[in-house]
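The tour moves from stop to stop, with something to select at each.

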Amino acid sequence: MYQIGEEEIQALRRVIESGRLFRYQGDQPSETDLFEREWAARIGVPHAVAVSSGTAGLSCALAGLAIGPGDEVIVPAYTYIATALAVLAVGAVPVLAEVDASLTLDPADAARKITPRTKALLPVHMCGLPCNMDALTALARDNGLAIVEDACQADGGSYKGTRFGAIGDAAAFSFNYFKIITCGEGGAFVTQHDDVYQRGLIYHDAGCPFFRDISEVTVPLFAGMGNRFSELLGAVLRVQATRLDGILAGLRAEKRRLRAALAEETAFTFSPVNDPDGDCGAHLGLLFAREADARAFHAAAPGTGAWIPRDTGRHVYTNWECVMERRGAHVETRNPYAASEVTYTQDMYPATLDVLARTVFIPTTPARGDAEFDALVAALQGAARSAV
Ligand SMILES: Cc1ncc(COP(=O)(O)O)c(C=O)c1O
């Protein structure tokens with residue numbers, strides 16, 4: 001959402017002038033330590049670890065749950081490719097399932113994809129939209145599965161009053177440039193479980209015991225990654241986090257206003273949302289009866305920011321080349337697919353492809369003036385009336 005200003009500049013100045021750019025320097029809590037505490041408190045979990053990206057956060061969450069070779073994780077067929085790649089990174093295999101009209105993991109299809117190898121569900125709160133966590137939690141409970149929430153596009157959102165990240169067993173957030181709050185690149189994983197935290201912590205930086213007291217960690221150390229966080233980013237994120245609820249309030253208000261302004265249109269219905277109050281509000285989804293109608297509307301609405309999720313490249317499974325072709329690692333001996341029968345075909349998730357092609361997203365912004373808003377509504381109404 002790139003709302004960034006003087007406070008972030010001052011935070012950066014403070015870190016640079018302190019000379020403490022490494023999170024484990026000194027004996028006082030670092031900016032990164034403080035961000036982790038504040039983020040955990042905001043989400044409502046005991047543990048948060050800041051990491052280099054959302055992808056790293058997902059891998060840490062999965063590693064924290066001891067998911068690895070021989071395991072399968074159910075991932076929606078509509079998400080950024082990184083969700084599936086994080087599963088492969090820990091040695092497990094992503095099994096894809098359809099999304100429903102909410103554009104999030106379809107619990108009924110996820111149920112059909114469970115095998116004796118399934119260890120976790122990985123629902124994605126795509127575009128800030130809440131997954132159906134009641135149904136997914138029940139499914140996980142009935143089948144002895146863990147839940148890892150991918151909240152990378154949904155910093156700060158919630159489901160029925162609980163923030164994303166505090167519902168599943170572990171979760172990941174992204175703070176890259178395109179996200180609701182940002183420090184350019186960065187991420188975090190959170191969990192309510194001590195053992196998941198400990199394994200995820202070790203996985204993110206197997207060298208951390210050289211730098212800090214981790215006497216509270218009882219999980220034996222194992223080889224991990226280099227996903228440590230920077231003090232500069234930590235300082236920026238602490239400020240960004242204070243902006244989060246204001247940004248969400250602005251997005252949600254504009255989404256409500258836009259929905260009300262378009263309520264009389266008959267060309268489309270609004271995409272169903274599993275929890276409108278918890279939705280980040282970053283997009284209004286318009287659902288058309290036919291792909292041709294969605295495309296005609298889109299073509300008639302230039303300058304509105306409208307986009308069709310079917311056209312977003314690496315967010316659609318058909319474009320996940322390395323997944324589709326089962327190249328799960330840099331060498332075959334590390335390729336999780338080598339010991340798996342899971343295969344993929346281009347047409348294997350028809351319901352996902354269908355709903356992605358019939359949906360048009362209108363992005364919201366927390367800072368649009370009245371005149372601009374009215375012009376947006378007029379353009380969308382004009383497109384709706386001319387196209388269908
Ligand atoms: C749904 C989803 N999951 C995971 C990621 C990965 O986050 P990052 O780019 O910070 O690694 C992204 C980022 O775009 C995402 O949108």
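Start with the shell around the ligand: its residues divide into four nonpolar, nine polar and one charged. Here Ala, Val, Leu, Ile, Met, Phe, Trp, Tyr, Cys and Pro count as nonpolar, Asp, Glu, Lys and Arg as charged, and the others, Gly among them, as polar. Select the 14 residues that surround the ligand; the closest are Ser53, Gly54, Thr55, Tyr80 and Ser174. Helices (H or I, at least four residues) and strands (E, at least two) are DSSP runs, numbered from the N terminus.

A word on the model before moving on. It is predicted: local features need pLDDT of at least 70, side-chain atom pairs count only at pLDDT 80 or more, and totals for chains, interfaces and linings use all residues. Residues are numbered from 1 along each chain as its sequence is written.

**Stop 1: helix H3.** Is H3 buried or exposed? Eleven of the eleven residues of H3 are buried, so the helix is largely enclosed by the rest of the structure. Buried means 20 or more other C-beta atoms within 10 Å of the residue's own; exposed means 12 or fewer, and partly exposed lies in between, with C-beta atoms placed from the backbone. Gly54, Thr55 and Leu62 are among the buried residues of H3. Step past the helix to Ala66, which follows H3 and has a positive phi, near 60°.

**Stop 2: the core.** Select Leu62, Val87 and Val148. These have the most contacts inside the largest nonpolar core, which has 116 residues. Such a core is a set of buried Ala, Val, Leu, Ile, Met, Phe, Trp, Tyr and Cys residues joined through C-beta atoms within 7 Å. H9 gives the most to this core, with nine residues. Leu62 touches several residues, including Ile67, Val73, Val87 and Val148, not counting those up to four places away in sequence. Contact means C-beta atoms, placed from the backbone, within 7 Å.

**Stop 3: the two domains.** Color domain 1 (6-241) and domain 2 (244-312 + 350-387). The bounds come from an automatic or database domain assignment. The C-alpha centres of the two domains lie 28 Å apart. At the interface, 25 residues of domain 1 are in contact with 24 residues of domain 2. On the side of domain 1 that touches domain 2, strand E6 (158-159) and helix H9 (231-261) are the elements that give two or more residues.

**Stop 4: strand E1.** Select residues 47-51. Five of the five residues of E1 are buried, so the strand is largely enclosed by the rest of the structure. His47, Val49 and Val51 point one way, and Ala48 and Ala50 the other way. E1 and strand E9 (residues 187-191) pair in the antiparallel sense over five bridges. Pairing requires that DSSP finds at least two bridges between the strands. Ala48 has Val190 in E9 as its bridge partner.

**Stop 5: a three-stranded sheet.** The order is E10-E11-E12, in an open sheet with antiparallel pairing. Strand E10 (269-270) and strand E12 (359-363) are the edges, each pairing on one side only. Find Thr269, whose bridge partner in E11 is Leu287.

**Last stop: Met324.** Met324 is found in helix H11 (residues 321-324). It is partly exposed, with 16 other C-beta atoms within 10 Å.

Technical notes:
Contact = placed C-beta atoms within 7 Å. Near = placed C-beta within 6 Å.
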